[in-house]
Amino acid sequence: MAASPDYVQVQAKLELGHTASCRKKLTPEGFTHDWKVFVRGSDHNDISHFVEKVIFNLHESFPNPKRAFTAPPYEVKECGYGTFSFPIDIYFRNKEEPKKVTIQYDLILPALGCSPITNIRSEALKFLNPPDEFKQKVLKAGGEVLDHRNGIG
């Protein structure tokens with residue numbers, strides 16, 4: 001039986017989510033909802049150890065639709081009137097690949113007159129054979145080693 005190559009897999013867990021509520025009064029632009037979308041670490045872990053920046057690529061109808069954040073909280077607060085999907089780019093503090101991941105996010109608003117909503121989804125980012133420096137950053141942010149093989153077997 002051939003030996004397995006050395007490898008280590010490290011995982012970091014993120015939460016992507018949003019809150020949205022109906023406005024009591026319309027804005028002059030006709031906006032009906034207030035919302036906030038965010039990226040954060042699971043269990044309140046500080047992902048800034050391995051995340052360099054987060055870019056929310058909002059719909060082109062928003063002023064300054066490309067919103068970049070280089071420190072927590074990674075969140076955008078806005079008002080609007082409709083649901084839409086948009087990419088969120090998460091850049092890593094990594095000198096080698098991967099340097100970023102793009103996650104598609106669906107912003108959903110409650111029907112007019114309905115209760116506010118909170119939507120949170122978990123994402124597990126897995127890094128195979130990360131450089132030791134980056135691995136330590138992920139672990140410091142609450143990441144974990146999933147699997148480790150040392151060539152035996």
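Predicted model: local features only at pLDDT ≥ 70, side-chain atom pairs only at ≥ 80, totals over all residues.
Partly exposed, as I use it here, means a relative accessible area between the buried range, under 20%, and the exposed range, over 50%.

Cysteines, then. Cys114 has a relative accessible area of 42%, so Cys114 falls in the partly exposed class. Cys22 is at 22% relative accessibility, and Cys22 therefore also counts as partly exposed.

How many disulfides does the model have? The count is 0. A disulfide is a covalent bond between the sulfur atoms of two cysteines. The cut-off applied is a sulfur pair within 2.5 Å. For Cys22, the closest cysteine sulfur belongs to Cys114 and lies 6.6 Å away, which is too far for a bond. Taken from the other end, the sulfur of Cys114 has that of Cys22 as its closest cysteine sulfur, again at 6.6 Å and too far for a bond.

Next, the sheet. In what order do the strands of the open sheet run? The order is β4-β3-β6-β7, 4 strands with antiparallel pairing. Which strands are at the edges? Those are β4, residues 66–69, and β7, residues 100–107, each pairing on one side only. From one strand to the next, the twist averages 20°.

Let me take one pairing in detail. Strand β3 covers residues 51–57 and strand β6 covers residues 84–92. The two pair in the antiparallel sense, over 5 bridges. To find a bridge on screen, go to Val51: the bridge partner of Val51 in β6 is Phe92.

To recap: 0 disulfides, and an open antiparallel sheet of 4 strands.

Note on methods. Residues numbered from 1 in each chain as written. Heavy atoms only, no water. Buried < 20%, exposed > 50% of the residue type's maximum accessible area, 1.4 Å probe, protein only. Pairing = 2+ DSSP bridges. Axes fitted to C-alpha atoms, helices over the stretch in contact; angles between N-to-C directions.
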